[in-house]
Structure formats: C-alpha cells, structure tokens
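Subject: Structure for you to look at

Hello,

I am passing on the structure below, together with notes on what was found in it. Please have the sequence and the model open while you read.

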4 protein chains.
Amino acid sequence: MGGKPIPPHSRLNGGFNFYSSQIDKLRVSLNATPRSHDRMKLLTKTLFTKQSGLVLVLLAASGSLSAAQIANNNITEAEIKAAQDAWGKALIQISDDYRSGGIDKARATATAVLDGAYGYHHGPVLFKPTLAGGEQTFRINQAGALAYFVGNNQAYPADTGFALKNWQSYNYDNAAVYINGDMALTMGKVHLTDRDNKQTTVDKTWGFKKGDDGKVRIVLHHSSLPYAG
Amino acid sequence: MGGKPIPPHSRLNGGFNFYSSQIDKLRVSLNATPRSHDRMKLLTKTLFTKQSGLVLVLLAASGSLSAAQIANNNITEAEIKAAQDAWGKALIQISDDYRSGGIDKARATATAVLDGAYGYHHGPVLFKPTLAGGEQTFRINQAGALAYFVGNNQAYPADTGFALKNWQSYNYDNAAVYINGDMALTMGKVHLTDRDNKQTTVDKTWGFKKGDDGKVRIVLHHSSLPYAG
Amino acid sequence: MGGKPIPPHSRLNGGFNFYSSQIDKLRVSLNATPRSHDRMKLLTKTLFTKQSGLVLVLLAASGSLSAAQIANNNITEAEIKAAQDAWGKALIQISDDYRSGGIDKARATATAVLDGAYGYHHGPVLFKPTLAGGEQTFRINQAGALAYFVGNNQAYPADTGFALKNWQSYNYDNAAVYINGDMALTMGKVHLTDRDNKQTTVDKTWGFKKGDDGKVRIVLHHSSLPYAG
Amino acid sequence: MGGKPIPPHSRLNGGFNFYSSQIDKLRVSLNATPRSHDRMKLLTKTLFTKQSGLVLVLLAASGSLSAAQIANNNITEAEIKAAQDAWGKALIQISDDYRSGGIDKARATATAVLDGAYGYHHGPVLFKPTLAGGEQTFRINQAGALAYFVGNNQAYPADTGFALKNWQSYNYDNAAVYINGDMALTMGKVHLTDRDNKQTTVDKTWGFKKGDDGKVRIVLHHSSLPYAG
C-alpha cells in the first residue's frame with residue numbers, strides 16, 4: 001500500500017480507501033495517462049484487466065460524474081449488507097462475552113451494540129423481538145431492547161436474555177430488499193445456530209436509516225417465529 | 001357547505017377540502033380581513049376562537065409559506081391513518097363479498113384491493129402474511145398475496161383464504177410510527193373480529209410509500225401471531 | 001398562556017408550542033370532551049367554530065394518527081419559511097454589527113450565521129453568490145462563503161463584503177417551492193433595502209436540508225442579478 | 001463483447017451492461033473461481049490486477065447484498081451525468097431542427113424535450129432561464145419554458161428563442177453535486193458554442209428528480225450570466 005491516501009468522496013460509496021501509490025503503479029503498468037479526476041472514477045467504475053497486453057477496459061466510463069465535490073448520503077447495498085452482517089456478529093459477541101465475563105460483560109457489550117447499531121438515540125425504534133409478547137411486545141426504547149437481549153431486568157420478567165443463548169453462527173437469506181433514499185428495508189429468513197448445533201430460524205424484517213454522520217442504524221426490527229401451519 | 005371549492009395546494013396535506021363560503025363565514029364571524037393567500041394558510045394552521053370576543057388567534061402565523069405553487073409529495077400522518085383504516089375496511093369488504101357473491105366476487109375485490117393498496121405494480125413488496133410459512137413464507141409478488149387473501153390456488157396449497165374468514169370489524173393500536181420523506185413505517189397490534197365475535201390479534205408492521213401520483217401504497221407488511229411465551 | 005406545556009411530538013411540525021391551559025379553555029368553551037391524545041391532533045388539524053352554537057368541527061378528524069411515538073423528520077412549510085425569514089434577518093444583523101462593532105464583530109456574527117444556517121459542517125454547499133465571478137464563482141466551502149459576506153480576505157480580492165452594505169430590510173416572493181422528504185427548494189425574487197432606501201432585487205434559489213438534529217440548513221444557494229434584457 | 005447479457009439489478013446503478021463472455025474472460029485470465037452472484041458484484045466493485053501474478057483483488061467483496069429482488073429508486077451518479085449530457089444534446093438538436101425544418105420542427109422537438117426531460121407533467125418546475133427577466137423571470141409551467149426555448153409566442157414578447165441560436169457544442173464543469181434520495185442537485189459552469197465558434201458560459205444549477213418510472217427529470221433550473229465584477 002503506502003503512498004498518500006487519496007481524499008475520498010464525501011461519504012461516497014461506504015468509504016473504500018485507495019492509495020495513490022497503488023493507483024500510480026497501476027497507471028504505470030497499464031501505460032495509462034493520469035487525469036485529474038480519474039481517482040474518483042476508480043471508486044465506482046473501473047475494471048482493469050491485464051490479460052496479455054495491458055488493455056484498459058473502462059466499462060462504465062460514460063457514467064462518470066465529475067465534480068469537485070459530491071455529497072451523497074444515500075444508503076448503498078454494501079452498507080445494508082454490512083449492517084446485516086454486523087447484527088449477527090454482535091449477537092454472537094454478546095453471547096461470547098457472557099460466557100467469558102458473565103452478565104456484566106454481556107450487558108456492557110449489548111449496550112454498546114444498541115448504542116451503535118440501533119437508532120434509539122435519535123428517536124423511537126419500531127422493534128418487535130421474536131420472543132416478546134403481551135404488554136411488552138414492542139421495545140420502542142433502548143431499556144426494553146437491552147432487557148430483551150440480556151434479560152436480568154425485573155421490569156421485563158419474561159425476558160431470559162436472547163443474546164445469552166450460546167450462539168455461535170449466523171446467516172440470512174433476504175427475500176427482498178427495498179431501498180428508498182437514506183432508508184432501506186429487508187425481509188427474509190435469519191438462521192442462528194447455538195453451540196449445541198441447534199438451529200433457530202426466524203422471519204425477520206429490518207428497517208435501516210443512514211444518519212447525517214454516514215452511519216447506518218436499525219430503526220425497524222420485526223422478528224417472528226415461523227408459522228407452523 | 002356550498003360555495004366555490006378552494007383550489008388545494010398541489011398534493012398538499014392529503015387533500016382536505018375547504019369551501020369558500022365556509023371560510024367567508026368564518027371571516028365575517030371573526031371580523032377578519034381576507035388576504036389573498038390565507039386560504040392556503042388554513043390548511044396547515046390551527047385557528048382558535050375564544051367564546052367572549054371571537055378573537056382570531058393565528059397561532060402559527062409566522063410559519064406560513066407563500067408561493068405561487070408548492071409541490072409537496074411528503075407522506076402525512078393523515079394519509080398513514082387513511083391507509084391503515086382502508087386496509088381493515090378492504091379485508092371486511094372481501095369477506096362480505098365472499099358471503100354475498102362467492103369466491104369469484106371475493107377474488108375480484110381482493111385483486112382490486114391489491115392493485116390499489118399494495119405496490120406490486122411498482123416492484124416487489126416485502127410481505128410476510130400472518131399464516132404463511134415454509135417455502136411460501138414471503139409473498140413478494142401479487143399472485144402470492146392474492147392466494148393468501150382468497151386461497152383457491154393450487155400453487156399455494158396451504159392457503160385457506162385469510163380474507164374469507166367472516167371478518168366483521170377491525171381496529172389497531174400503533175406502538176410507534178416512523179415517517180421519512182415519502183415513506184412511513186408503523187408497528188403495533190391489529191385486532192380483527194369475526195362474525196362469531198372471535199377476536200384475532202396480530203403483531204403488524206407496515207411500510208407505506210407515496211407514489212408520484214400522490215397515492216399511498218403498502219410496500220412492506222410483516223404480520224405475525226403474538227408470542228405465547 | 002400558562003399551564004403545563006404539552007410535550008410535543010418528536011420533531012413534529014416544527015415545534016409549535018401549545019399550553020394545556022389554552023387547550024383546556026378551548027375545550028370548556030366548546031363543551032368538548034377531552035380525549036387522551038387530542039392535544040396532538042390540534043397540531044395538524046383545523047378547528048372551525050360557527051358563530052351560532054360554537055360547534056367544534058374537526059374537519060380532519062378522520063386523518064388523525066394515534067401512536068405512542070411518532071418520528072417525523074420531514075421538512076415542513078413552516079420550517080422553510082422560518083429559514084427564509086432567518087436568512088434576511090441574519091444579513092441585517094451582520095450589517096448592524098459591522099456598523100456598531102466593525103469588521104471583527106461582523107465577522108464573528110457572519111461565522112455564527114454560516115455555522116448555523118448553512119450546511120458547511122456536513123459537506124459541500126452549492127453556493128453561487130450574487131456578485132461572485134471568475135475562478136471564485138462558487139463558494140463550496142465556508143471560507144469562501146465568509147469572504148463573500150464580510151470581505152477582508154486577501155484570497156478573495158474581489159469580495160467587498162456583501163453583508164456590510166448597510167442593509168436595513170428584506171423581503172421575498174417565492175415563485176415556487178418544491179418539498180421532497182427532508183429537503184426543500186425555493187425559487188423567487190429577494191428584495192434587499194439599504195439604509196439609503198436603495199433597493200436591490202435578485203433572483204434566488206435556495207435548497208434546504210433538515211438534519212437528524214431537526215435543524216434546517218442551506219445546502220444550495222444560487223443568487224443572480226436580474227437579466228436586464 | 002458478445003455472450004449473453006447479464007440481467008441487471010432492478011434499477012441498479014443506471015443500467016451498465018456487462019456481458020458474460022467478457023467477465024468469463026476476465027475470470028480465466030485471473031484464474032478466479034466463478035461464483036453464482038459475483039456478476040452482480042462487478043457492478044459496484046473495483047477489480048485490480050497486479051502485474052506479477054494476476055491476483056484478483058475484490059476490494060469490496062464483503063459489500064455484496066443478496067436478495068431475490070432489490071427495489072432501489074435512488075438516483076445514481078451515472079443518471080445525473082446522463083441527464084446533464086442529455087440537456088446539451090437536446091439543445092443542439094432543437095437548434096439543428098430549426099435550421100433544417102424551421103420553427104415548426106424546432107417547436108415539436110422542444111416540446112418533446114420538455115415532456116421528457118422536465119417535470120412539468122408532475123407539478124411546477126422551478127425554472128429561471130438565463131435571459132428571462134421582469135414579470136416573466138420564472139417559467140413555472142411548460143408554456144413558459146417552451147416560449148423561452150423557441151420564442152415565437154406573443155405572450156412572451158422578450159423571448160427570442162434560446163435554442164434557436166445555432167448551437168453546435170456543449171460541455172460543463174460541476175463545481176459540486178448533492179445527492180439526496182431520488183433527488184440530485186448540481187451547480188457549475190455550462191459552456192455553449194455556436195456555429196460561429198462564439199462561446200457562451202453561464203452559471204447553472206439543476207435539480208433532478210427520479211420518478212417512480214425510473215426516469216430522471218429536471219425540477220429545478222437556475223441559469224444566470226456570470227457576474228462581470
């Protein structure tokens with residue numbers, strides 16, 4: 001790597017980093033002429049092949065937009081996937097921390113997860129956890145969400161701590177995704193496996209909102225057990 | 001009512017109708033001076049009268065915006081409520097039509113409802129019906145949604161026709177609502193009562209999108225049976 | 001006024017304040033039954049009274065949405081007007097501060113205005129001031145904007161300080177307004193009058209963006225002298 | 001090229017086309033293993049090859065989102081550029097048609113351009129043409145825009161037909177671009193050259209809105225002569 005970092009677009013495309021030395025080397029190897037704004041184009045566009053002869057293929061050249069600065073806060077598919085990946089990773093982390101450090105460590109991790117991944121600091125979150133019912137079905141504020149994930153809260157007596165259940169792996173299949181400005185919705189199956197290899201599958205809907213700070217947070221989360229028929 | 005209808009804002013505020021005679025009467029009774037653009041102001045403001053003196057208090061006068069034309073396609077709370085009200089009314093209509101005209105009439109009504117209330121003509125809909133499971137959990141296209149509502153489709157053998165179950169009344173409690181541009185999300189309890197007075201309660205999340213044509217359509221619908229604990 | 005302030009919706013409707021005593025009085029005078037959530041309804045609805053009988057007509061009653069919490073970050077007409085009003089007021093304030101406190105005071109005020117009213121802390125601003133040209137036509141960053149408003153910057157030698165020109169009054173006519181989610185666009189004539197009663201009229205386009213913090217900021221500003229023909 | 005076209009995402013990324021044979025060749029040359037959905041990944045990712053070793057570096061591999069269907073109506077940079085390119089091309093086309101077919105042909109072309117490229121069929125357009133002033137500064141409706149482009153309208157006596165001026169080439173420099181959901185704003189210099197090689201440069205702001213139909217239309221257009229200083 002090395003070289004001077006190339007200033008990224010403002011908030012463009014989820015923050016991939018390029019280094020000037022990398023691109024300069026590529027230019028040299030391809031005998032391409034540097035142009036003042038092509039560093040930007042590389043972020044979203046460019047395919048390079050060097051089969052036998054260093055042919056530059058600018059597949060999407062006609063779609064490149066030039067501007068001194070581009071502000072773009074639209075949510076991207078990469079960010080949605082990152083948020084979905086992160087949710088499961090966080091759940092397993094809480095589970096791991098519970099085993100290694102007990103409820104205090106689990107609660108600290110869960111609080112950090114909720115602070116970072118959910119939008120509770122910006123308003124209500126539309127959250128219906130899988131195993132919550134009755135008067136406590138919806139966890140609009142962070143205290144309710146925390147109780148669901150790590151239990152041990154007398155105000156939520158039915159909560160046994162969903163994140164404490166020895167989870168070890170996670171994956172998901174989106175049935176469909178809906179992207180609208182700075183917001184995205186996903187719906188699909190989520191599969192969780194615990195350390196006894198018991199799998200739990202739920203129907204899950206997420207709503208993600210990208211903030212002014214470029215961070216993606218969960219503002220909607222409806223999880224339910226599959227209908228048994 | 002009577003009088004000449006006042007031209008509404010373009011797409012403003014969900015289409016409440018005011019009549020000039022009504023407002024003129026109000027002006028007279030309040031001894032207020034008519035001004036050229038106050039008809040518009042009435043749409044977004046609250047008028048208070050005090051019993052003794054009939055003093056007009058334009059609480060939000062400083063907030064009125066003047067322009068020859070205002071385009072505004074943002075979704076409003078009134079539109080969200082109208083869409084939520086309409087969903088239950090449509091379900092009962094399909095049920096009524098089934099009793100009076102059999103499956104053909106029910107299917108025709110359900111098709112019309114899906115055409116009007118859901119966004120299937122504009123793309124996929126993220127729909128997880130209450131009583132759908134297995135490979136057919138998600139009804140991304142209209143055929144799947146129609147099968148769920150009126151059954152009688154060999155491709156969806158588990159569907160018994162949710163809208164055919166003699167529904168007679170409907171109400172709902174939103175736990176929280178999230179409005180973002182032309183999109184709104186609601187989460188809460190929905191209560192359905194059939195003609196034997198048996199009540200069904202479900203946890204329901206809706207996502208609504210307002211189209212360029214000013215119509216609000218469901219693009220997300222996750223319904224699930226309450227967790228029994 | 002008096003009475004206990006009614007907690008506003010989260011970010012709803014630009015922060016109009018109602019006081020419980022005011023609404024209670026209204027209820028009494030109209031013999032209306034108080035209901036638990038109608039305080040909120042008053043924010044978005046229009047009340048009419050008829051002279052004979054003082055009958056409360058809740059014209060838009062069917063459009064009221066109930067929810068424990070409503071998050072709504074859409075920009076409102078009241079907020080757009082407030083932002084337009086504030087722009088002129090700020091310009092005059094800088095002018096006044098220049099007279100009373102010289103360039104240092106003017107610069108401090110202008111900096112505060114730019115910090116609060118423009119979006120420079122969140123990314124580039126598309127700003128073409130009235131009297132800027134050549135290589136310095138566009139003032140994408142705050143330094144360029146500040147130079148335009150108060151001059152005295154060697155890097156912008158043509159800037160004489162637009163806000164230092166003894167402005168005393170301001171008004172505007174919007175030709176049209178376009179509202180789209182958390183963003184609004186206005187286009188129209190802006191009239192500025194200095195203390196010698198000389199009027200300057202410009203063609204002005206603004207783009208406003210409402211942030212996650214509920215504040216409205218200018219992200220686009222194109223101002224130009226009228227075409228003389 | 002050749003090979004079977006790869007089905008694009010729904011509305012993703014402005015419709016770049018990839019051909020399977022092309023990507024297969026790339027895979028072979030890089031000795032990479034094909035995976036079922038990486039064709040899509042190529043749309044948003046950057047491939048780098050290193051001269052010695054032909055190692056495929058999928059820089060953003062972790063960002064690919066899988067779903068049966070993805071709805072995404074966000075405006076893309078490619079679409080913004082396409083709309084900016086099209087504007088100049090259309091202007092020159094009207095000019096060409098005027099030379100070859102007179103005012104009737106020019107008017108027909110201009111009408112088609114306005115129907116397709118501007119949002120007049122969906123509401124007001126915030127349009128301030130370069131050479132319009134006085135009472136007719138703003139052309140909120142299509143009739144006013146048409147008059148500006150091709151003149152010959154007694155209701156707009158000052159209009160001489162901006163598109164009839166023998167234009168032969170067009171280019172532009174964006175100073176900044178702002179993307180927000182289905183809307184984008186651009187600001188910069190536009191250069192027009194006529195058939196006598198006389199160049200006209202204007203300061204131009206555009207606002208583009210992507211419709212439900214996936215088409216991008218101009219909803220804001222402020223053009224002004226550079227400030228002479």
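To begin with one helix and a sheet: α3(C) lies across β3 of chain B together with β5, β6, β7 (199–210) and β8 (216–224) of chain C, and runs at about 145° to β5(C). Helices (H or I, at least four residues) and strands (E, at least two) are DSSP runs, numbered from the N terminus. Contact means heavy atoms within 4.5 Å. Axes are lines fitted to C-alpha atoms, for helices over the stretch in contact, and angles run from 0 to 180 degrees between N-to-C directions.

The model is predicted: local features need pLDDT of at least 70 and side-chain atom pairs count only at pLDDT 80 or more, while totals for chains, interfaces and linings use all residues. Residues are numbered from 1 along each chain as its sequence is written, chains are lettered from A and ligands numbered from 1 in the order in which they are written, and side-chain values use heavy atoms, with hydrogens and water left out.

The sheet

The open sheet has 6 strands in the order β3(B)-β5(C)-β6(C)-β7(C)-β8(C)-β4(C), with mixed pairing. Two strands pair if DSSP finds at least two bridges between them. At the edges stand β3 (69–72) of chain B and β4 of chain C; each has a single partner strand, so one side of each is left without a neighbour in the sheet. On average, neighbouring strands of this sheet are turned by 30° against each other, direction ignored. Within the sheet, β5 (residues 167–180) and β6 (residues 183–194) of chain C run antiparallel and are joined by 12 bridges. C:Val177, for instance, has C:Thr186 in β6(C) as its bridge partner.

How many of the 9 residues of helix α4 (residues 142–150) of chain C are buried? The number is 8, so the helix is largely enclosed by the rest of the structure. Buried means under 20% relative accessible area, exposed over 50%, partly exposed in between (1.4 Å probe, protein chains only). The buried residues include C:Gln142, C:Leu146 and C:Phe149. Among the elements that cover them are α3 (77–117) and β4 (126–128) of chain C. After α4(C) comes C:Gly151, which has a positive phi, near 60°.

C:Thr160 is in the loop between α4 and β5 of chain C. C:Thr160 is exposed, with a relative accessible area of 59%. Neighbours within four places in sequence aside, C:Thr160 is in contact with C:Gly151 and C:Lys165.

Aromatic pairs

Over all chains, a search of the whole structure finds 48 aromatic pairs. Rings of Phe, Tyr and Trp (its six-membered ring) pair if their centres lie within 6.5 Å; planes under 30 degrees apart count as stacked, over 60 as edge-to-face and the rest as tilted. C:Tyr118 and C:Phe127 have ring centres 5.8 Å apart and planes at 40°, so this pair is tilted. C:Tyr118 counts as buried at 1% relative accessibility, and C:Phe127 is buried with a relative accessible area of 1%.

In chain D, D:Phe127 and D:Phe149 form a stacked pair, 6.0 Å centre to centre with 25° between the planes. This pair links distant parts of the chain, 22 residues apart: D:Phe127 is in strand β4 (residues 126–128) and D:Phe149 in helix α4 (residues 142–150). D:Phe127 is buried, with a relative accessible area of 1%, and D:Phe149 is buried at 6%. In chain A, one aromatic cluster is formed by A:Tyr118, A:Tyr120, A:Phe127, A:Tyr148, A:Phe149, A:Phe162 and A:Trp167.

Chain A has 4 helices and 8 strands, in the pattern α-α-β-β-β-α-β-α-β-β-β-β along the sequence. Of its 229 residues, 56% count as buried.

Helix α3 (residues 77–117) and helix α4 (residues 142–150) of chain A pack at an angle of about 55°, with their axes 13 Å apart. That makes α3(A) oblique to α4(A). Angles under 35 degrees count as roughly parallel, over 145 as roughly antiparallel, 65 to 115 as roughly perpendicular and the rest as oblique. Among the residues that meet are A:Trp87, A:Leu91 and A:Ile94 in α3(A) and A:Leu146 and A:Phe149 in α4(A).

Regards
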